[in-house]
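Please look over the sequence and the 3D structure shown next. The paragraphs after it go from single residues to the whole chain.

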Amino acid sequence: MDHFTYQNGVLCAEDVKVSDIVLEVGTPFYCYSTATIERHYKVLASALSGLPATICYAVKANSNQAVIRTLATLGAGADVVSDGELIRALQAGIPAHKIVFSGVGKTEAELALALEKDILQINIESVPELERLNAVAKSLRKTAPVALRINPDIDAGSHDKISTGRRGDKFGIEWPLVHEVFSHATELENIQPIGLAVHIGSQLTALKPFKSAFRKLRDMVDLLREAGHEIQRLDVGGGLGIPYDGSDVPSPSAYGKAVADTLGDLECELLFEPGRMLVGNAGILVTRVVYVKNGTARDFVIIDAAMNDLIRPSLYGARHEIIPIMEAADSEIMTTVDVVGPVCETGDTFATGLRMSPVGQDDLLALRSAGAYGAVMASTYNSRALVPEILVRGSQFAVVRERVNIDALLRHERLPNWLSAAPKA
Ligand code: LLP
């Protein structure tokens, strides 16, 4: 459920006409709905209410300060994967004691920052990382609270590029090695092993792989406890997928039940790291039709948003529903078009063979479900600006990131002294 609906024929974000935002900031832009973020958070929190749960929002999904703060205000912690995300989370008001640091290649500087800020937990994915953390903690005279991320060898059934829990994926400590690595961690002076973590992938649309992963986590807890180790906390990784194409996905309450059924009686604190399910449907990418180009083979709707703004269709073959800002009149007439961006790659395509009501030059469109992994994955390819981000709340809206245009980009570039003279005309 989201708060992007037509009112009197105009797409509104909550009570704001999207066309009013266009008048202020132009196109393209991302638009987020506070009410949708709040709703998703509350639904998940209530689905987990019977469990000793902390929701650590996966900042990578959407790291805009205003989005993080909206979630911080609701009581969320954060899951971060870089020093940049850690700084963003802290600056947005997430308390350090609710921050978990994940990721397979944390540098010495990142580990040091995490320790200096006294965050809740650092998830460790390899022996060299564990050793390095111990050394960094020693030099800072700290003890690092650690969970070992296990690789349970489970196929999440999601897109290959975002499945992370199969043996051979780069993530986590291989199942047969976990016991030994955990024992080793207990011997390191500046490491405090407190639990285990698992994350098998993103955009999961079935509960079965989650359940299999949680069962394996449980088996490992049993094994480690039998060997006398104390396990106080389990991090169960990212959240559910979202219905990009309107298909069914499990409900948060079914997910909560799956966690309770598999891990509920272990007397462990539970950390959840959802990203997409909190913010995915809370955002749209608003764009204008530059041209409609009719051909003998295909008809193209060329929009002013491109793969550099939203890379998911090019990278994962993802589909984002495309709707008009001015509600289409009820008509039998439908056209079949390809919706493409202006970037010089055939991969810059948002939809192929899409059936939609006719659109014309300068019409406004929205790509739905663009709140997660949209703006955060944007680039300036083709020297295109980073587009603005807008947050709506009720009848108000605010620009929460301004357009980062070519002047701003050029400010970071320097000519070396041997090229400082302008070429002769
Ligand atoms: N925890 C860890 C350790 C993760 O690696 C991720 C996502 C999450 C939590 C959050 O997962 P979520 O609840 O959002 O499913 N760019 C891709 C998604 C990459 C996800 C990477 N890790 C996309 O656009 O689909």
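Buried means under 20% relative accessible area, exposed means over 50%, and partly exposed lies in between, with a 1.4 Å probe and protein chains only. The model is predicted, so local features need pLDDT of at least 70 and side-chain atom pairs count only at pLDDT 80 or more, while totals for chains, interfaces and linings use all residues. Residues are numbered from 1 along each chain as its sequence is written, and side-chain values use heavy atoms, with hydrogens and water left out.

Ser-163 lies in the loop between β9 (144–151) and β10 (173–174). Helices (H or I, at least four residues) and strands (E, at least two) are DSSP runs, numbered from the N terminus. A polar atom of the Ser-163 side chain lies 3.0 Å from the backbone oxygen of His-159. For the backbone oxygen of Ser-158, the distance to a polar atom of that side chain is 3.5 Å. A polar contact is a pair of N or O atoms within 3.5 Å; within protein, one must be able to donate a hydrogen and the other to accept it, and residues adjacent in sequence count only if both atoms are side-chain atoms. Not counting residues up to four places away in sequence, Ser-163 touches Asp-155, Ala-156, Ser-158, Asp-169, Ile-200 and Gly-201, where contact means heavy atoms within 4.5 Å.

Glu-129 is found in helix α6 (residues 127–139). With 6% relative accessibility, Glu-129 is buried. Its side chain reaches the backbone nitrogen of Glu-125 at 2.7 Å. Leaving aside neighbours within four places in sequence, Glu-129 is in contact with Gly-103, Lys-106, Leu-111, Asn-123 and Ile-124.

In helix α3 (residues 65–73), the buried residues include Val-67, Ile-68 and Leu-71. Among the elements that cover the buried residues of α3 are α2 (34–47), β5 (53–58) and α4 (83–91). At the start of α3, a side-chain oxygen of Asn-64 comes within 2.8 Å of the backbone nitrogen of Ala-66. Just after α3, Gly-75 takes a positive phi of about 105 degrees.

Next comes the ligand. Of the 18 residues around the ligand, Ser-202, Glu-273, Arg-312, Tyr-316 and Tyr-373 come nearest; a residue is near a molecule if one of its heavy atoms lies within 4 Å of it. An oxygen atom of the ligand is 2.5 Å from an N or O atom in the Ser-202 side chain. A polar side-chain atom of Arg-312 lies 2.6 Å from an oxygen atom of the ligand.

The protein chain is divided into domain 1 (4–31 + 280–410) and domain 2 (34–278), with bounds from an automatic or database domain assignment. Their centres, taken over C-alpha atoms, are separated by 32 Å. In contact across the two are 22 residues of domain 1 and 21 residues of domain 2.

In soluble globular proteins, nonpolar side chains tend to be buried together. A nonpolar core is a set of buried Ala, Val, Leu, Ile, Met, Phe, Trp, Tyr and Cys residues joined through side-chain atoms within 4.5 Å. The largest one here has 101 residues, and those with the most contacts inside it are Leu-196, Leu-234, Tyr-255 and Val-339. Helix α8 (residues 208–226) gives the largest share of this core, seven residues.
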